[in-house]
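Subject: Structure for you to look at

Hello,

Here is the structure I promised. Please open it alongside this message and follow the notes below.

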Amino acid sequence: MKRVLFLCTGNSARSQLAEALLKHMGGDDFEVYSAGTNPQSEVNQFAIEVLKEKKIPTDGLYPKVVGEMVKIDIDLVVTVCDSAKQTCPYFQGAKRMEHWPLEDPAAFEGTYDEILFTFRETCDVIERRIRSNIL
């Protein structure tokens, strides 16, 4: 089983989308985590909505502090924002590190539908990267 950690700053949108997607797509072949260098208090509701649209389970998703993850033997660490890449702690056992510089959909300002569209686009980009880089 491969252990994968998705890391961003707030652990409320991009890394949560990635965690849920890989858990769903990778099944029992992966143990998947996400964390943030400065986690928010809850998962962004647009992220939850987009995952539910794709019929991907969201139970068990919550923001976590990256410090909780350093004791886990991680095979792959993926930073999904530049800030997290710069402040990412060293994961001694990690066999591989990748950086996916994704724009934060939570920072987008617009109507409800525009924000939801932005989250859908981000989710689609993450799904493509998982398929090409991890699976």
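Which residues do ring pairs link into a cluster? The answer is Phe46, Tyr112 and Phe119. Before the details, one caution: this is a predicted model.

**The aromatic cluster**

A search of the whole structure gives three aromatic pairs. One of them joins phenylalanine 46 and tyrosine 112. Their rings are 5.1 Å apart, centre to centre. The planes make 45°, and the pair is tilted. It links distant parts of the chain. Phenylalanine 46 belongs to helix 2 (residues 45-53), and tyrosine 112 to helix 4 (residues 112-133). The two residues are 66 residues apart.

Phenylalanine 46 also pairs with phenylalanine 119. This pair is stacked, with 5.6 Å between centres and 25° between the planes. Phenylalanine 46 is in helix 2 and phenylalanine 119 is in helix 4, so the pair ties together parts 73 residues apart in sequence.

Phenylalanine 119 is buried, at 0% relative accessible area. Phenylalanine 46 has 17% relative accessibility and counts as buried, because the cut-off is under 20%. Tyrosine 112 has 45% and counts as partly exposed.

Asparagine 44 belongs in this part of the story. Its place is the loop between strand 2 and helix 2. Asparagine 44 touches Phe119, and also Ser12, Ala13 and Ala106, leaving aside residues up to four places away in sequence. At 19% relative accessibility, asparagine 44 counts as buried.

**The overall chain**

How many helices and strands are in the chain? There are four helices and four strands. Along the sequence they follow the pattern β-α-β-α-β-α-β-α. The C-alpha trace spans about 45 × 30 × 25 Å along its principal axes. For 135 residues, a compact globule would have a radius of gyration near 14 Å. The chain has 14 Å, which agrees. Buried residues make up 47% of the 135 residues. Of the contacts with a separation of 6 or more, 71% come from residues 24 or more positions apart.

In which order do the four strands of the open sheet run? The order is 2-1-3-4, with parallel pairing. The edges are strand 2 (30-36) and strand 4 (96-99), and each pairs on one side only. On average, neighbouring strands are turned by 20° against each other, direction ignored.

Helix 1 (residues 14-26) packs on this sheet. It touches strand 1 (2-8) and strand 2. The direction of helix 1 makes about 175° with that of strand 2.

Strand 1 and strand 2 pair in the parallel sense over seven bridges. There, arginine 3 stands opposite glutamate 31 in strand 2. Strand 2 is an edge strand. Even so, six of its seven residues are buried, so strand 2 is largely enclosed by the rest of the structure.

Strand 3 (residues 76-79) pairs with strand 4, again in the parallel sense, over four bridges. Which residue of strand 4 is the bridge partner of threonine 79? It is histidine 99.

**Two residues with positive phi**

Asparagine 11 has a phi near 50°, a positive value in a residue other than glycine. Asparagine 11 is found in the loop between strand 1 and helix 1. It is buried, with a relative accessible area of 0%.

Lysine 55 has a positive phi of about 60°, and it is not a glycine either. Its place is the loop between helix 2 and strand 3. Is lysine 55 buried or exposed? Lysine 55 is exposed, at 69% relative accessible area.

**A charge over a ring**

One more side-chain detail. The charged end of lysine 64 sits over the ring of tyrosine 62. The distance to the ring centre is 4.5 Å.

Best wishes

Key
Residues are numbered from 1 along each chain as its sequence is written. This is a predicted model: local features need pLDDT of at least 70, side-chain atom pairs count only at pLDDT 80 or more; totals for chains, interfaces and linings use all residues. Side-chain values use heavy atoms; hydrogens and water are left out. Two strands pair if DSSP finds at least two bridges between them. Axes are lines fitted to C-alpha atoms, for helices over the stretch in contact, and angles run from 0 to 180 degrees between N-to-C directions. Contact means heavy atoms within 4.5 Å. Rings of Phe, Tyr and Trp (its six-membered ring) pair if their centres lie within 6.5 Å; planes under 30 degrees apart count as stacked, over 60 as edge-to-face and the rest as tilted. Buried means under 20% relative accessible area, exposed over 50%, partly exposed in between (1.4 Å probe, protein chains only). A charge sits over a ring if NZ of Lys or CZ of Arg is within 6 Å of the ring centre and within 35 degrees of the ring normal. The radius of gyration is taken over C-alpha atoms; the globule rule is 2.2 Å times the number of residues to the power 0.38.
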